[in-house]
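This briefing walks through one chain and its two ligands, topic by topic. Please keep the sequence and the 3D view open while reading.

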Amino acid sequence: MSNEDNEMLTMALSKGRIFEETMPLLEAAGISVNESPESSRKLILPTSDPRLRLLIVRASDVPTYVQYGAADFGIAGRDVLYEYMQEQPGGLYQPTDLNIAKCRLAVAVREGFDYEEAVKKGARLRVATKYVNVAREHFAKKGVYVDIIKLYGSMELAPLVGLADAIVDVVSTGGTLRANNLVPVEDVMPVSSRLIVNQAALKTRATRLMPILEAFEKAAI
Ligand SMILES: Nc1ncnc2c1ncn2[C@@H]1O[C@H](COP(=O)(O)OP(=O)(O)OP(=O)(O)O)[C@@H](O)[C@H]1O
Ligand SMILES: O=P(O)(O)OC[C@H]1O[C@H](OP(=O)(O)OP(=O)(O)O)[C@H](O)[C@@H]1O
């Protein structure tokens, strides 16, 4: 056995939907996880493979852990990756769309707000979002002037209390928008989660990494 074969591999994941939807992919690679990040307070979880451990981090922190090599690989949504790449381009290898955690980024407004008219009039729109780079690029392409208001969550509240005219947020079933009397008015991009791999790890730990990446890829189809 070479040194590389003995080395511990580290995978970064967020808890919640990405963790849940990754479990079947790990199982396809013959790996199981006995502890749940929902019930355990541990941030480093062992797996049935003594040479693979999981780091439980915020969804938007996954690219950072992988880019700096604190994790060899991880899984992140296209929304998060797009936003991250605007600030830190390069450095992450994105081999596979895993087709999990599927949703879309969309513009939404309060019911009754005439979005088309506001855009046509050339009014300056106030847009609340956690995806500031995605939103800026989307409206720049349309030639719409916007003031972006950065929020960290509960974006749906902003149009209801006069903080913003519109939001850019994740929509899946549309239930959250409906519950808050908001309507989607424009799609920004389709979203699913992708494998991301540290570029140095890909070279130095290929023997260990490739079988897991390939199993994920196969299971994701
Ligand atoms: N309702 C949804 N349905 C399907 N996929 C979703 C949904 N909401 C978010 N996602 C996808 O899953 C990823 C992780 O979302 P999750 O809700 O677990 O974290 P978050 O709350 O967005 O992140 P953070 O904890 O950093 O604020 C998102 O980046 C997005 O790609
Ligand atoms: O269109 P929907 O199906 O309502 O999903 C959209 C919601 O999902 C996400 O929130 P969160 O992660 O809190 O969703 P969750 O309630 O499913 O956990 C996102 O920030 C939206 O608020």
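In which sense do β6 and β10 pair, and over how many bridges? The two strands pair in the antiparallel sense, and 10 bridges join them. The model is a predicted one, and its chain holds 10 helices and 10 strands. The C-alpha trace spans about 70 × 35 × 30 Å along its principal axes, and of the 221 residues of the chain 45% count as buried.

**Strand pairing**

- Within the antiparallel pairing of β6 and β10, Arg104 stands opposite Pro190, a residue of β10.
- β6 also runs antiparallel to β9, to which six bridges join it; in this pairing Val109 has Ala166 of β9 as its bridge partner.
- β10 is in turn joined to β4 by five bridges, again with the strands running antiparallel, and here Leu195 in β10 is the bridge partner of Ile75.
- β4 and β1, by contrast, run parallel and are joined by two bridges, with Phe73 in β4 as the bridge partner of Met11.

- The largest nonpolar core has 27 residues, of which Met11, Leu26, Leu54, Phe73, Ile75 and Phe216 touch the most other members.
- This core receives at least two residues from each of β1 (9–13), α2, β3 (52–56), β4 (73–77), β6, β10 (182–198) and α10 (206–220).
- Another core, of 18 residues, lies apart from the largest one and includes Leu105, Val127, Phe139 and Val188.

**Surroundings of ligand 1**

- Ligand 1 is surrounded by 16 residues, the closest being Arg17, Arg58, Asp79, Lys102 and Lys130.
- By class, this shell is made up of seven nonpolar, three polar and six charged residues.
- α2 (17–28), α4 (78–87) and β6 (97–110) each contribute at least two residues to the shell of ligand 1, and the largest share, three residues, comes from β6.
- A polar side-chain atom of Arg58 lies 2.8 Å from an oxygen atom of ligand 1, and for Asp79 a polar side-chain atom is likewise found 2.8 Å from an oxygen atom of this ligand.
- Ser60 has an N or O atom in its side chain at 3.3 Å from an oxygen atom of ligand 1.
- Of the 620 Å² of accessible area that ligand 1 has on its own, the protein covers 77%.

**Surroundings of ligand 2**

- The residues that surround ligand 2 are Arg17, Glu156, Asp169, Val170, Val171, Ser172, Thr173, Gly174, Gly175 and Thr176.
- By class, this shell has two nonpolar, five polar and three charged residues.
- β9 (166–171) and α8 (175–179) each supply at least two residues of the shell around ligand 2, and β9 provides the largest share, three residues.
- Backbone atoms take part here: a backbone N or O atom of Ser172 lies 2.7 Å from an oxygen atom of ligand 2, and a backbone N or O atom of Gly174 lies 2.7 Å from an oxygen atom of this ligand.
- From Thr176, a polar side-chain atom lies 2.5 Å from an oxygen atom of ligand 2.

**Val119 in helix α5**

- Val119 lies in helix α5, which comprises residues 115–121.
- Why does Val119 count as partly exposed? Its relative accessibility is 22%, and buried would require a value under 20%, while exposed would require one over 50%.
- Val119 and Lys142 are 23 residues apart along the chain, and their C-alpha atoms are separated by 9.2 Å.

Methods
Residues numbered from 1 in each chain as written. Chains lettered and ligands numbered in written order. Predicted model: local features only at pLDDT ≥ 70, side-chain atom pairs only at ≥ 80, totals over all residues. Heavy atoms only, no water. Near = heavy atom within 4 Å. Polar contact = N/O pair within 3.5 Å; in protein donor to acceptor, adjacent residues only side chain to side chain. Helix = DSSP H or I, 4+ residues; strand = E, 2+ residues; numbered from the N terminus. Nonpolar A, V, L, I, M, F, W, Y, C, P; charged D, E, K, R; others polar. Areas by Shrake-Rupley, 256 points an atom, 1.4 Å probe, with all protein chains shown as cover. Core = buried A, V, L, I, M, F, W, Y, C linked by side-chain atoms within 4.5 Å. Buried < 20%, exposed > 50% of the residue type's maximum accessible area, 1.4 Å probe, protein only. Pairing = 2+ DSSP bridges.
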